[in-house]
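Biologist: I am new to this structure and would like to go through a few of its residues and helices. Please show it first.

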Amino acid sequence: MATSLMSKTLNSVKNLRLLAPSLSINRRLASTATLHQQPPSDGDSSSFTFNDAATSAASSSSSGSDVIFVKAPDFSAKKETAASTVTMPPSFMSGSVLGKRFYKQVTTRVADDENGWTVMLDYRTLKTPSKRPLKLPTLALAKAIAAEWDYQTDGIRPFTMPLMKLACTALERVPLTRQKIIEGLMQKFNQDLVFCRAPDDNDLTSGVYERQVEKIDPLLDWLKSEFGFKPVVYLSFFGGKQDEGLVKAIENLLKKTSDCELAAIDAIAAGAHSLVIAVGIFRGRLSIEEAIELVRLEEDLQVDRWGLVEGGHDIDIADLRVQISSATVFLGLSRI
């Protein structure tokens, strides 16, 4: 009777290919159902890749039982063998749109080694483009990055996830190229923005000189009190040589930073064209608004005099604000 009922059930299914597992019934009604999902190839770097662990289940039957046991996939977040991952393609770092949102819920959880935090897209654990686990130092930073992913709607837009990009930089680039990053920052130190002073004997630049004395000199005074060496200012865009003691002190500071801190300092310095401003934010001497004001000091004076160019100055201001703000927030959240 049980065999007859099962045959009718199978015949009622119009498309047997919808049954992913093959189902066989022996004469003693001992049944086994196995579900196996193959992960797609990792060779496609233009889209997200899913490394789903193959899940299987077996059922046992006792004599005379008509019950078929099917074990569902175990998506327990804390079991590495059952958890699946989503790896971002290299194009994520270039800012191009990656495709439609493929997940419903974004959450955070403790990393598998219980040393840090990670982000989950549904049951998938995020990984960096080089397939490193996205292991973040604090829960606050993990939640902020999770919020960036949750903000995505129709498409995955990396340019709206600056914290995520900084995290990838801190996890991938900094550990491998730390010394090169520091050397690159120090090569530009002598030509730092805050060391270049406009001439005070010219009608076009006298206003700039006065604002520099008002706004930048207090930062230079702080630099002297913090590191013990007085910075030298130059009337040249090419700057000049700073005291070797100051150079060494700044370099030692960079060497003692964590990967997240160095990634943030590098991003701020790139946006501000000033390592001193980046160090000022790092040490808590400057706020985001104060840093932006120093970076745009001369250009804002020109805008006040000649007017703002729409599609030019306004875009530059917005871009600078994103660079400085996101790196500063990333720095702060990585320490909480």
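Modeller: Leaving out neighbours within four places in sequence, Ala-267 is in contact (heavy atoms within 4.5 Å) with Leu-166 and Ala-327. This is a predicted model, where local features need pLDDT of at least 70 and side-chain atom pairs count only at pLDDT 80 or more, while totals for chains, interfaces and linings use all residues. Residues are numbered from 1 along each chain as its sequence is written, and side-chain values use heavy atoms, with hydrogens and water left out.

Biologist: In which helix does Ala-267 lie?

Modeller: Helices (H or I, at least four residues) and strands (E, at least two) are DSSP runs, numbered from the N terminus. By that numbering, Ala-267 lies in helix H7.

Biologist: Is Ala-267 buried, partly exposed or exposed?

Modeller: Buried means under 20% relative accessible area and exposed over 50%, with partly exposed in between (1.4 Å probe, protein chains only). The relative accessible area of Ala-267 is 22%, so the residue is partly exposed.

Biologist: How far apart in space are Ala-267 and Thr-328, C-alpha to C-alpha?

Modeller: In sequence, Ala-267 and Thr-328 are 61 residues apart. In space, their C-alpha to C-alpha distance is 9.1 Å.

Biologist: Where does Thr-128 lie, and is Thr-128 buried or exposed?

Modeller: Thr-128 is in the loop between strand E7 (124-127) and helix H2 (139-151). Residues touching Thr-128, beyond four places away in sequence, include Met-88, Leu-134 and Cys-168. The relative accessible area of Thr-128 is 0%, so Thr-128 is buried.

Biologist: Which residue's backbone oxygen does the side chain of Gln-242 reach?

Modeller: Gln-242 has its place in the loop between helix H5 (217-227) and helix H6 (244-255). With 2% relative accessibility, Gln-242 counts as buried. Its side chain reaches, at 2.7 Å, the backbone oxygen of Val-232.

Key:
A polar contact is a pair of N or O atoms within 3.5 Å; within protein, one must be able to donate a hydrogen and the other to accept it, and residues adjacent in sequence count only if both atoms are side-chain atoms.
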